[in-house]
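Visitor: I am new to this structure and would like to learn how to read it. Please take the features one at a time.

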Amino acid sequence: MKLPRIKIIDRYIISQVTSTFLGIVALLTILLIVETMFELTEILINKKAPIISVIQLLFYRLPAFLAVTFPVALLGSSELAIAQMSTNNEIAAMRTGGISFRRIMLPFLIAGILVSILSFVTNDYIVPGTNHTSQNIIREIVLKKGPPNIKRNVFFRDAENRYFYINRLDEQNMIMREIMIYEMTRERFPRVITAAEGRWVVDTWQLKYGTIYNYDSEGKITYEMSFQDMDIEVKEDLQDFFKNQRTPQEMSSKELRQQIQILKDAGVDTNNFEVDYHVKYSFPVSGLIFALIGVPLGIQMKRSTKATGLIISIILVFLYYVIYSLCRAMGRGGMIDPFVSSWIPNVIFLALGIVLVVRVEKA
């Protein structure tokens, strides 16, 4: 009769984790909404944006908020759930009954795997579209009241099946620098136009100091011509054109991988985009790792207080994001391989989780 008893214990643990997890997700999401409201104050006041647009903006940002809160919420819920069970001597009773600590951890790890999958699906299939919609709401507001909201490291696509890429932007003078335009043709490699700088004038891109490249099916240059001035007409409404711009946060992993390959074929440095691509996979896994850390931390909370445990959790989350930001910057700067820079935080905290589990097992 041991197996049915264990199944009951698994259901009990998962129910405890789930209820706390949902509560923490709701709390963190509300905090992010409030923070975003403060950020949108300028848009509300200076751009005189209608309230309905701000409400829509917050609604479309909700999936991105949820994807961020899932791993953190799992750390807190795992820690609180097992701490409560430890305080009630339920963990001691399980271990006395012959259930090992690793077996007790199993439902927590299953929850971590499920949350990681949920985080990835949300971040890769829902967030890009909702992020794009929310950014377009901002772009519409800006376009109505000022110049186009052009940003660096973004892609545009026009009705002629041309892709525009801007590496740097002089926002003060609205001069775009290190521009690349590639036209999709029937050939394997696109026709590429590069330019040192350019401006947007009415419905035309005015490019300066550039080169036109054509490639054969093997990627070898078959035609090359330099120019000092070149105009490219965009047969689209200004607002529609700039609504098509996409940042890596507005792309799925598949779309971003395709853009990276095209840029690589054109000889462009893709470190920025490769880091963002690998983060789309590494960040969701942090939920599983946080569960691995939260369980042994929760056991330790019995010896102190819940407040102490929560403070430790907050510190750990803070350290994770500090390491994550540092490694991301180093990966984008070419100091570390993009793949390695994206996974270093997870490797460090995985090692920490294993150490904590081993210590609890020996206690």
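Visitor: Where does helix α3 bend, and by about how much?

Guide: The bend at a residue is the angle between two fitted axes, one for the seven residues ending there and one for the seven starting there. Helices (DSSP runs of H or I, at least four residues) and strands (runs of E, at least two) are numbered from the N terminus. Here α3 spans residues 51-87 and bends by about 40° at leucine 62. A proline, proline 63, follows within four residues.

Visitor: What kind of model is this, and how are residues numbered?

Guide: This is a predicted model, in which local features need pLDDT of at least 70 and side-chain atom pairs count only at pLDDT 80 or more, while totals for chains, interfaces and linings use all residues. Residues are numbered from 1 along each chain as its sequence is written, and side-chain values use heavy atoms, with hydrogens and water left out.

Visitor: How many helices and strands does the protein have?

Guide: The protein has ten helices and six strands. Of its 363 residues, 47% are buried; buried means under 20% relative accessible area, exposed means over 50%, and partly exposed lies in between (1.4 Å probe, protein chains only). A contact means heavy atoms within 4.5 Å. Among contacts between residues at least 6 apart in sequence, 65% join residues at least 24 apart.

Visitor: Which residues is tyrosine 60 in contact with, beyond its neighbours in sequence?

Guide: Tyrosine 60 lies in helix α3. Setting aside neighbours within four places in sequence, tyrosine 60 is in contact with Thr130, Asn131, Thr133, Ser134 and Ile137. Tyrosine 60 and histidine 132 are 72 residues apart in sequence, and their C-alpha atoms are 8.8 Å apart in space. Tyrosine 60 counts as partly exposed, because its relative accessibility is 28%.

Visitor: How many aromatic pairs does a search of the whole structure find?

Guide: Rings of Phe, Tyr and Trp (its six-membered ring) pair if their centres lie within 6.5 Å; planes under 30 degrees apart count as stacked, over 60 as edge-to-face, and the rest as tilted. The search finds 13 aromatic pairs. In one of them, the rings of tyrosine 320 and phenylalanine 349 have centres 5.3 Å apart and planes at 75°, so the pair is edge-to-face. Tyrosine 320 belongs to helix α9 (residues 306-332) and phenylalanine 349 to helix α10 (residues 338-362), so the pair ties together parts that are 29 residues apart in sequence.

Visitor: Are tyrosine 320 and phenylalanine 349 buried or exposed?

Guide: Tyrosine 320 is buried, with a relative accessible area of 2%. Phenylalanine 349 also counts as buried, at 4% relative accessibility. Phe283, Phe290, Tyr320, Tyr321, Tyr324 and Phe349 form one aromatic cluster.

Visitor: Where is glycine 334?

Guide: Glycine 334 is in the loop between α9 and α10. Its C-alpha atom is separated by 9.7 Å from that of threonine 270, 64 residues away along the chain. Glycine 334 counts as partly exposed, at 45% relative accessibility.

Visitor: How many cavities of 30 Å³ or more are there?

Guide: On a 1 Å grid over the protein atoms alone, a cavity is a set of points where a 1.4 Å probe fits but cannot get out, and lining residues have an atom within 4 Å of a point. Grid points are joined across faces, edges and corners, and a volume is the space filled by probe spheres set on the points. The search of the whole structure finds two such cavities. The largest cavity holds about 50 Å³ of space.

Visitor: Which residues line the largest cavity?

Guide: Its lining is made of Ile175, Glu197, Gly198, Arg199, Gln206 and Lys208. Strands β4 (191-201) and β5 (204-215) each supply at least two residues of this lining. The largest share, three residues, comes from β4. The lining divides into one nonpolar, two polar and three charged residues. In this grouping, Ala, Val, Leu, Ile, Met, Phe, Trp, Tyr, Cys and Pro count as nonpolar, Asp, Glu, Lys and Arg as charged, and the others, Gly among them, as polar.

How values were computed: On a 1 Å grid over the protein atoms alone, a cavity is a set of points where a 1.4 Å probe fits but cannot get out, and a pocket is an open set with protein on both sides within 12 Å along at least five of seven lines; lining residues have an atom within 4 Å of a point.
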